[in-house]
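This briefing covers a chain interface and a selection of salt bridges. The sequence and structure come next.

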Amino acid sequence: MTQPPCAQGLYDPANEHDACGVGFVAHIKGAKSHAIVEQGLQILRNLTHRGAVGADPLAGDGAGILLQIPDALFREELAKQGIKLPAAGQYGVGMVFLPQEPASRFACEYEIERSIKEEGQILLGWRDVPRDNSSLGESVKKIEPVIRQVFVGRGRGVTVTDALERKLYIIRKSSGHAIQALNLAHGKEFYVPSMSARTIVYKGMLLADQVGAYYEDLQDSRVVSALALVHQRFSTNTFPTWDLAHPFRLVAHNGEINTLRGNVNWIRARQGAISSPILGKDLEKLWPLIYDGQSDSASFDNALEMLVMGGYSVSHAMMMMIPEAWESHSLMDTNRRAFYEYHAAMMEPWDGPAAMAFTDGRQIGATLDRNGLRPARYIVTEDDLVIMGSECGCLPIPEEKIVKKWRLQPGKMFLVDLEKGRIIDDKELKDTLADAKPYGEWIDRIRVKLDDVESDRQQPDRSAVSLLDRQQAFGYTQEDLKFLMTPMALNGEEATGSMGNDSPLAVLSDKNKPLYNYFKQLFAQVTNPPIDPIREELVTSLVSFIGPKPNLLGIDELNPPLRLEVNQPVVDFFEMEKIRHIDRYTQGKFKSYELDICYPAAWGNHAIEARLASLCAQAEDAVRSGYSIVIISDRRVNRDQVAIPALLAVSAIHQHLVAKGLRTSTGLVVETGSAREVHHFALLGGYGAEAIHPYLAMETLLDMGKRGLFGADFDSKKAIKNFVKAIGKGLRKVMSKMGISTYMSYTGAQIFEAVGLSRTLIDKYFAGTTSNVEGIGVFEVAEEALRIHRGAFGNDPVLASALEAGGEYAFRVRGEEHMWTPDAIAKLQQSTRSSSFSTFQEYSQIINDQSKRHMTLRGLFEFQLDRCQPVPIEEVEPAAEIVKRFATGAMSLGSISTEAHTNLAIAMNRIGGKSNTGEGGEDRNRYATAKAGETLSSRLGKNQIESDIELKEGDLLKSKIKQVASGRFGVTAEYLASAEQIQIKMAQGAKPGEGGQLPGKKVSEYIAMLRYSTPGVELISPPPHHDIYSIEDLAQLIHDLKNANSRASISVKLVSEIGVGTVAAGVTKAKADHVTISGHDGGTGASPWSSIKHAGTPWELGLAETQQTLVLNRLRGRIVVQADGQMKTGRDVIIGALLGADEFGFATAPLVVSGCIMMRKCHLNTCPVGVATQDPVLRKKFSGKPEHVINFFFFIAEEARALMAQLGIRKFDELIGRSDLLDTRKGIEHWKARGLDFSRIFHQPAIGAEVARYHVEGQDHGLDRALDHRLIELAEPALKRREKVSIDIPVRNINRTVGTMLSGEIARLYGHEGLPDDTIHVRLAGSAGQSFGAFLAHGVTLEIVGDTNDYCGKGLSGGHISVRPSPKFRGESTQNIITGNVVLYGAIAGEAYFSGVAGERFAVRNSGAQTVVEGVGDHACEYMTGGSVVVLGKTGRNFAAGMSGGIAYVLDEDGEFSKYCNLSMVDLEAVLPETEQSNKVSRDIWHMGEADEAILKRLIENHALHTGSKRAQSILDQWATFRSRFVKVFPKEYRRALTELATNSRKVAA
Amino acid sequence: MGKITGFLEHQRLHEASEDKGSRKKHYREFVLHLSDDEAKVQGARCMDCGVPFCMSGCPVNNIIPDFNDLVFKQDWKNAIDTLHSTNNFPEFTGRICPAPCEEACTLRINNDAVGIKSIEHAIIDKAWEQGWVKPRPAAVKTGKRVAVIGSGPAGMANAQQLARAGHAVVVFEKNDRAGGLLRYGIPDFKLEKTHIDRRLEQMGAEGVEFRTNHVVGTAPSGAGNGAPTHLDPTSVLKEFDAVVLAGGAEYPRDLPVPGRDLDGVYFAMEFLPLQNRRVAGDKPPELWASGKHVVVIGGGDTGSDCVGTSNRHGAASVTQIELLPMPPDLKNNPVWPYWPQRLRTSSSHEEGATRDWAIATKRFEGSNGKVEKVVLVRVEWQSGKMVEIAGSEFELKADLILLAMGFVSPAQKLLESFGIERDARGNAKATTEGAQAYVTSVPKVFTAGDMRRGQSLVVWAIREGRQCARAVDEFLMGSSVLPR
């Protein structure tokens, strides 16, 4: 049996992700039948599209089914072997995967048998599981295990099934450990999918439809079960293994645990402090509970299993592991809050998107993460079936049999108790658990809020060392004060910068950098979503517990330890003094112990290792002797005492205590002078600190205040408060980038990647963190700290009275180096303007020389020219061909001026490259080809252009790449139809994992027109795409876009970080045609400084990892790989190609060519050269010309050609992936850079030459199966002759993206205007698949009887949708769900009517659709910028968060709506009668110029007309009564903009 | 950064100056520094560029955005600290620097530059007024002795830096007063000599010893006044641990045309120093422009100084001619951020002078050994080559001809006496980067300023003096914390 590849080069299997479809069917009364098994398998088949296939079409990513034990089958089958099974429930069955190699197999079986004996149970026998592997692909067969079942009878003393279940658990665990310990080469294939007296799991590396065929048992009618839990996996790689398939023993999971590393660490940390009254001594046999490198789902299952075996009910345990967002949930029942709060200290949330279905064989249920990031729909039938799945319609049930259609809501749980024979809903379930014990009282007794601790407000002992010296001792620069701290102090938030990062990595810098700078923040892309820490703040929490944690398995704990609670982890002077003297203030309940992490500087750098060892030992001793808080402090730093970097000390001590199992017995508080920016706090928390006191930052703020630097009447205390607030906000942002919502689960989660630290350093002090290029060791870390220390206390005259200049954020003499030096910018501009290649070479020389001065990783590479046979340059592919591989970056019209934007487009189109719209739509006047004599202003309108550009005949002004970003601004069917490439921006280099916003004052009339929004109204781009929360969602979006325009290639833009290669493999399997790997340093847009500097990694790493992973997976040939990020010279291009790029993106350099001079003021609208501004006065100064840009790209291509000639390579394709031609530059003398090792970057997977190394083939998008082919055929009269047509057609959940291909055709033929309303009327019946009516064009009506799934009507572009329940369905429309999550996302225009309830995030980012719905989930109308939404039923929480335009009318029958609405950006008003509105309210601020009553009534009438809604009819019947119960949700921004527009138009008129 | 939109709201301000009629009657400075409010407005125009080209355009790399901002905030104390961190003598550069920083200012791409020089001027004047400029003697003496030969801007900057690093510095000056070109080359109306005196006093308090009237090596011809003490290079090398040659580039370019030996034809540097001495109270030889028709040959700054001085003498007419064609009068800087050739009109020109370009001198004519006129010819420049225009010869009446055509090299005898290797132009050979920066071919002898680079700006001299000081400090101590 061959195994998947182990870690090699930059590929690491630990980075694999998966996601999937999940579902179950169960009989509420527990009636077992074979039908349920069959239905389970059918659900699986209908979710096939949520999984993926790899290079081998017969190799699935894994699928499986969990059932109750089929006693009859086993009884009869074992009887054939002469074995008589005890009664059901008195024996257990283990499903065992065994090695093919016979001796290993025997060894494994023997260990199991030993364990059974050891645990006092009885081995009843083995059974070979009958299988038919004829349908499996060859690659799967090669690794197919031998599958056997072991039967275990109960021993003496084991009387009840629960006890047997625990014994089986111990047998499985201990035999597993024993087999691991044998360390057999063939032993790794051993795996036990299940071993239970109640359930059994049949799974494997199978496609969804293979499960039933492969396991013959499943076809056997004797196999009966009252429940079937199924799962279909979508993995990012193509070598999944048998054991990674779901279900696990208790769960099947759709989603991803983002905090896995921290959760696993915390489990390990508890080892020493855990005891179980139920498991007793057996507990010791469990460790290690979770092996390194296990998948998130498997780890979750392991932890859940321990809790269940330790005595918690499965629902109780699930509530501990995936709690609701209770922290700021004002509406939550007090007992339930107390329940969560009590358990919060016992277990950090396992945080991330999750639809988790679980069962112990007696109960089956499901729960959703707190943010509702996965879909889960269920129905209940009159004959007692419950069917839950990722999609509705996955098991077709006649409508008349259904009694309830609903969904799992964020944080909610749903449980079917088969023994009690009924459904227990979330409220009853949780109330029961919450009321079971007096958690509220317990909390009151054990919770000590630091805020409430009385103290004598003691001033801390201030250091005798001057402030300046101490600032210098921690490496403060003037820029820290100016760029980072001042804005935080004044505004309570981090400041913004722009134009990316062009200064060196810490390991390459000649300057002494804090250790923090060696770490890069990780962020979520594709496989899980970032979250929005501002608009969805209600799910985030910074609460932190300092001090001992309670016993995780202490189910009957009588005396739980006290806990010290802080609202957020940054503590000020007084709070720190409280903690320091906590003993005194809490009468000895807590005791703190201070560890001084300074040591005599005279000892030198080699002292650090032993000092750290001693510190760890001291910390251990302190905890053992009962200290409940350890304070790690560097406040004693002075001339003679150097501080060990606090991050290193914290991580070392944290990991030491974890390893000793003592970590949960104490709290770690860091008191450090070094922490001053968000990144520092994030790192300290991420490596284990529960609270941080940045005393020096705070002293600095006091001092700055005293010196009047914040203005005369600015209170320094306010500065500190604002600083703390800003750090808190920043922490939320850093956490949410990774999709993590609570500080508790962020603590110790290590969401970072190191660049420039040696493996030994990492393994010793930051174990589990990735570091791929080696770098400095612990002695160099100390050396750097010592150098900083010497600078502080030396006699440098520059430092005598001032801090170091810095020069990181703006170029400074004596400051940090930058690639963009004044000379480089000047030479680049002059060369391209004067068409001088020789000047350009001077520019390149500056840039490439800088590389030699250690600016980038590639600067340290060199070509292995001695291995090459040069060729004459004439034989090398011409420059005109090479430039076609070039694209300009995604810069939106809005971030840059119209002139700059079109200038790039014209240039790129002339040379056959591609420009990119960026986010924000495109003027359709740019679509037609230019005629002679036209200019930019004649084409786009004089008013739009301040600095004209002459056009040549045949010029194209459009951007060939159309970007689809999270804001979906201007993404219409027409926009998509005009693209040659559609780029899904998952992340951007400057701020991966974050959203953005365009302030109202930048939204000019023109920009508003392009974005289908109101001028002057702020536009928010959310951090996530709300239709991409996982890899299968991305596949769905790719499918949608491909449907909208099958001619366009679909590109996915990713940012380099560890694991990006794996994500790229997933993206390839999701059928993207093109992937962009952006470096961390690129990016032109505005972004918080900490994101510009500290998130993501260089593209050299990401690109090489991508290449290696794709080749290893045999996927590389299917996809085009593009690299971008600070690409500047031909050398950069060649290195990119050698590392695996087919294409190259450039952003900053072409902007510089167009006149940009790196002001880094893009976000201020004051660009003095008219590039990044909308100010007409400044735009007049734009001086760029397409010819300059063309010169630039040809110069780059010429340089590349010259290098190709030297390398002896004639065709560009032959360069790609030839990393063997690269080597590390010889003789690197730089003291830090010396330790770098690029062998992982240069690694080439050992795989046959037949496997493609560059792009050679296309993807199979499977469009031929689309229902739309039929629709297009039937709609021919309409498409060709604009005649009305009417179509009737059935639909199922496997029919995805219905109507989109048709819409693409309409947009291509008729543009955004499309056809007259209702020209094509399609009537459908059934459960429609995802993205029903996506980008539906004007003129198409989709009328469906049945229901729809997620993303219905996304990007609605003028079409009409109506969804009504079947007349046979008897449920109330306001009580039943009819459409899924994220419906009408980014809708532009059109109408949609839903006679039923919608899921979460209804009409998110709607900018123009009119819609009526009879109930919505959480976050409805989020970020909405236009259109009208009518809700005739209940809403979820966080309604209208970030809503800046349009109006929502909500029927508020119980008067509770205001509690559910996020009021930060909207006002709630009454819907006035039309006459009253006319009299009282200025028409200026009327929505669409109409009275609210008129709009509302018309929409409800339409709703009644199109859906036959009884609800609508009854409202209309009693209109006067109901009108007054509607609440108008009126965004403040919208009101302001309407007022301003009216004032302006009056001014113009006057 | 001052104000984000300041550059859109405010126009560049010019320093006020005394009326050109009245200022011609004296030799005092006539340019007033900006008021606090004016300086604030001037500072508000700075955009605090992400890449401050001004800073790289400035030879001493003044941290211009920072002090602009500080002045905007009226934090003058920190402004002078920032300014002094890169420039020992802002009062010199704030008055007489041609301000390459302003040509590099980002606003110069399409607008008027920020008035950086005027801000510098205001800062340092304020600092002197407020008594913020104080001696900064080294806390620890190293016991090392350094000789600096030449007390011009390079020598002064060098000496000050070395003294602050704790070395015992002796500056040798062949003239009776220290200051070099600042003292005797630049007229008082551009730079009053009290500025130099104040600095010398500060440097004295920092431990720098000035030995004026001391000539090291063989005295160059025409140098010195009074009865100088002559020193032998070997004794200097013996007495000191390091020697810095900062003797400037004082050999003027001659004009070897017929009539050159006529009386009334002088080098500018034979003319200008006399006036400075008079202002200083000396009684130098009589050489006046009063009532004369003065022709200044050479269109640069020294020529301009001759114009201003002649006007103050009461010349009958002043004409300044230049060999090269008239440069364009540019609104923007077409070679931004580099130095453009453009028409520059100095305050001396404003005071009255005829300027003409593309003119070559054929000969001087006169009688009784005295010059009376100059014969000139118009020339054309064709792809870098000068061609006389046939038939364009003309004459100008001239009683006093001042040759201001630049300087060709340092005093060779000083270099010869030390045996210093020279480059093709006769300058002391030394690089500015790397381990051998500013090191001459002779052990422990360094060189900086015009003596190394050839004639240049005061601000370049200060830069080299500072950088050379660091090189000397590293040589003496093994490492240095002096900023480059």
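Chain B and chain A bury about 2,700 Å² between them, with 62% of that area from carbon and sulfur atoms; buried area is the accessible area (1.4 Å probe) that two parts lose on being put together, summed over both. This is a predicted model: local features need pLDDT of at least 70, side-chain atom pairs count only at pLDDT 80 or more, and totals for chains, interfaces and linings use all residues. Residues are numbered from 1 along each chain as its sequence is written, chains are lettered from A and ligands numbered from 1 in the order in which they are written, and side-chain values use heavy atoms, with hydrogens and water left out.

**Interface**
- Val51(B), Tyr338(B) and Val481(B) lose the most area on the chain B side, together 20% of what that side buries.
- The contact (heavy atoms within 4.5 Å) takes 33 residues from chain B and 31 residues from chain A.
- The rule finds 3 salt bridges across the interface, where a salt bridge is a side-chain nitrogen of Lys or Arg within 4 Å of a carboxyl oxygen of Asp or Glu.
- Asp48(B) and Arg812(A) form a salt bridge at 3.6 Å, N to O.

**Salt bridges within chain A**
- Arg1401(A) and Glu1422(A) form a salt bridge at 3.9 Å, N to O.
- Arg1401(A) is buried at 1% relative accessibility and Glu1422(A) is buried at 0%; buried means under 20% relative accessible area (1.4 Å probe, protein chains only).
- Glu324(A), Arg336(A), Asp426(A), Lys427(A), Lys430(A) and Asp431(A) are linked in a salt-bridge network.

Technical notes:
Buried means under 20% relative accessible area, exposed over 50%, partly exposed in between (1.4 Å probe, protein chains only).
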